[in-house]
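Biologist: Could you walk me through reading a few features of this model? I would like the general idea, then the case at hand.

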Amino acid sequence: MAQQIPVDPQARADDPRRDAERDDATHAIADDVAYQRHVLVNVVFVGAPGAGDRGWVLIDAGVMGSKRRIEAAAAARFGTDARPAAIVLTHGHFDHVGVLEDLAAQWDVPVYAHALERPYLDGSAAYPMPDPSVGGGLLGRLSPLFPTQPVDVSARLHILPEDGTVPPLPGWRWIHTPGHAPGHVSLWREADRTLIAGDAFITTAQESAYAVATQAPELHGPPMYLTIDWPAARTSVRALAALEPERVITGHGRPLQGPEMRRALDALAKDFDRVAVPERGRFVDHPLGAADGSAYQEPR
């Protein structure tokens, strides 16, 4: 089974030369959107350079051990001691909330997420265990070792408004893109057609340690070992492809842009079942969801 749509490397949305000149430890994809890679996941900084205290927003919160690098990048990009106005989560998997509790407390900021992610963020429910039977590489096989337990930021947690707005991000709206997680959201700015897709789809084979290391640009469905509802994931990818984004940054892999990216995204949406859905796996025949509560496990 093909698990990717190849993409010409010229479709990369970042510019290593300009990033080196700026020297703030981030990679820019727009004047006010940049990302930083932490081992196997990206965090996104939204705000103009030099925006100052409360003048920017952090999207997702990396893996355990990434706190100092996120703080250093924020200081270099926005100013010394510049705290964000908020932390917005695409979802609550371990590699997106690794230092959430520490950063939220230190910066004294609200945390925004979809209502269906609340149980994973208030300590009341765990994610289902990852499924190593989906194959794809070393990280897939190691996935049962990945944390599934919730964090607890209930004192700072705010649910994203039903009207699609993102309170700390004027001009952006959130789009519910479930499948990988019940309350997964992507962020969309119509003005310049910038998409922050989280893990709704990604641009590397996250199951493969080699692919994660080399970061060759490819279009993939969501990480297979943690995706619990494949029909919902298919619908989400097709909805995002219909937006016809100009540039996209995902939770894993390099950002991409332009016609070549859109061609690959359209191909992924069209052939999702063939390309993205594993041939076998616990959740392929038995999806888990929020409606019946099956997506929420008892914390251990």
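Biologist: Where does His 184 lie?

Modeller: First, this is a predicted model, where local features need pLDDT of at least 70, side-chain atom pairs count only at pLDDT 80 or more, and totals for chains, interfaces and linings use all residues. Residues are numbered from 1 along each chain as its sequence is written, and side-chain values use heavy atoms, with hydrogens and water left out. Strands are DSSP runs of E, at least two residues, and helices are runs of H or I, at least four, numbered from the N terminus. His 184 sits in the loop between strand 9 (173-176) and strand 10 (185-189).

Biologist: Is His 184 buried or exposed?

Modeller: Buried means under 20% relative accessible area, exposed over 50%, and partly exposed in between (1.4 Å probe, protein chains only). His 184 has a relative accessible area of 0%, so it is buried.

Biologist: Which backbone atoms does the side chain of His 184 reach?

Modeller: It reaches the backbone nitrogen of Asp 199 at 2.8 Å and that of Ala 200 at 3.4 Å.

Biologist: And which residues are in contact with His 184?

Modeller: Contact means heavy atoms within 4.5 Å. Leaving aside neighbours within four places in sequence, the contacts of His 184 include Thr 90, His 91, Glu 117 and His 176.

Biologist: How do the residues of the lining of the largest pocket divide by class?

Modeller: Ala, Val, Leu, Ile, Met, Phe, Trp, Tyr, Cys and Pro count as nonpolar, Asp, Glu, Lys and Arg as charged, and the others, Gly among them, as polar. This lining has 11 nonpolar, five polar and two charged residues.

How values were computed:
Polar contact = N/O pair within 3.5 Å; in protein donor to acceptor, adjacent residues only side chain to side chain.
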